[in-house]
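Hi there,

Here is the structure I promised to send over. Have a look at it first, and then read my notes below.

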Amino acid sequence: YRDDKLPSALNFPSCVSEEQPQLGLYPIVDRAVWLQQLLPLGVTTIQLRIKDLHGDALSDEIAEAVRIARDHHCRLFINDYWQLAVEHQAYGVHLGQEDLESADLKAIAAAGLRLGVSNHCHYELARGLALRPSYIAVGPTYATQTKDMPWVPHGLDGLQYWTEALADFPLVAIAGIKDHNIGQVSATGVSGVAMITAITDADDPESVTRDLMARMANGVHAS
Ligand code: TZP
Ligand code: MG
């Protein structure tokens with residue numbers, strides 16, 4: 001990593017408010033049509049993570065997702081494509097550590113977009129936090145097949161450590177989170193719980209999403 005390429009003292013807007021104090025269930029999806037399906041259920045944060053479109057098709061998909069998210073007052077983070085996120089005035093951008101040097105972070109902040117950053121260890125967390133992002137994602141919480149993750153899962157103890165170390169800063173847990181562990185994950189005090197396959201591979205994604213939101217709320221209250 002080249003830290004000398006990173007700007008300092010950026011100020012990204014907050015992604016939590018009095019009306020929406022937590023990020024909540026945070027589905028990660030690859031098409032705008034998922035927003036049409038999930039946002040009416042009350043999902044308040046979502047990420048569009050597209051890996052297989054280019055040019056106009058990519059731009060149109062992002063524009064469509066921004067429109068749907070606006071209609072539902074949902075916080076939409078665009079993965080990777082920060083220029084298109086700025087162009088279409090998305091709510092925010094999500095970047096991995098490897099994206100931080102090439103993205104124009106100043107332009108993202110200047111356009112008023114929020115920033116979420118992925119982190120997998122202490123070093124990355126320090127690097128991510130120095131940018132003063134809107135939220136920090138930490139993973140892998142559990143093992144996952146969805147993305148190559150060379151890090152040892154940190155589990156609930158790791159999450160508990162991060163939530164205490166970072167106090168009120170919004171944290172998002174990711175990787176391997178399913179219906180059977182989401183209650184325990186949210187009980188650690190994380191603001192958001194991100195997941196892909198628990199929702200996108202479900203036979204009935206809508207009922208699974210409702211169930212996950214209910215389990216998450218119970219986990220928070222049980223802590
Ligand atoms: N980043 C870290 S883990 C992951 C991403 C995009 C995939 C998580 O997917 P799943 O299916 O919820 O384990
Ligand atoms: Mg990326």
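**What I found**

V193 touches L25, Y26, A173, I177, I182, V185, S186 and M216, leaving aside residues up to four places away in sequence; a contact here means that two C-beta atoms, placed from the backbone, lie within 7 Å. Before you go further, please note that this is a predicted model, in which local features need pLDDT of at least 70, side-chain atom pairs count only at pLDDT 80 or more, and totals for chains, interfaces and linings use all residues. Residues are numbered from 1 along each chain as its sequence is written, while chains are lettered from A and ligands numbered from 1 in the order in which they are written.

On confidence, pLDDT is the predictor's confidence in each residue, from 0 to 100. The protein chain has a mean pLDDT of 94, with 98% of its residues at 70 or more. For the complex, the predictor gives an ipTM of 0.98 and a pTM of 0.96.

Back to V193: together with L76, V172 and A173, V193 touches the most other members of the largest nonpolar core, which has 62 residues. Helix α2 (residues 55-71) supplies the largest share of this core, 5 residues. Such a core is a set of buried Ala, Val, Leu, Ile, Met, Phe, Trp, Tyr and Cys residues joined through C-beta atoms within 7 Å. A residue is buried if 20 or more other C-beta atoms lie within 10 Å of its own, exposed if 12 or fewer, and partly exposed in between, with C-beta atoms placed from the backbone. By that rule, buried residues make up 42% of the 223 in the protein chain.

Next, the ligand. Ligand 1 is surrounded by 15 residues, and T144, T146, A175, I196 and T197 are the closest (the C-beta atom, placed from the backbone, must lie within 6 Å of the ligand). A175 sits in the loop between β7 (171-174) and α7 (182-187); helices (H or I, at least four residues) and strands (E, at least two) are DSSP runs, numbered from the N terminus. A175 counts as buried because it has 23 C-beta neighbours inside 10 Å. Its phi is near 100 degrees, a positive value in a residue other than glycine.

One more backbone detail: the peptide bond from G139 to P140 is cis, with omega near -5 degrees. P140 lies in the loop between β6 (135-138) and α6 (155-165). Most residues other than glycine have a negative phi, and most peptide bonds are trans.

Best wishes
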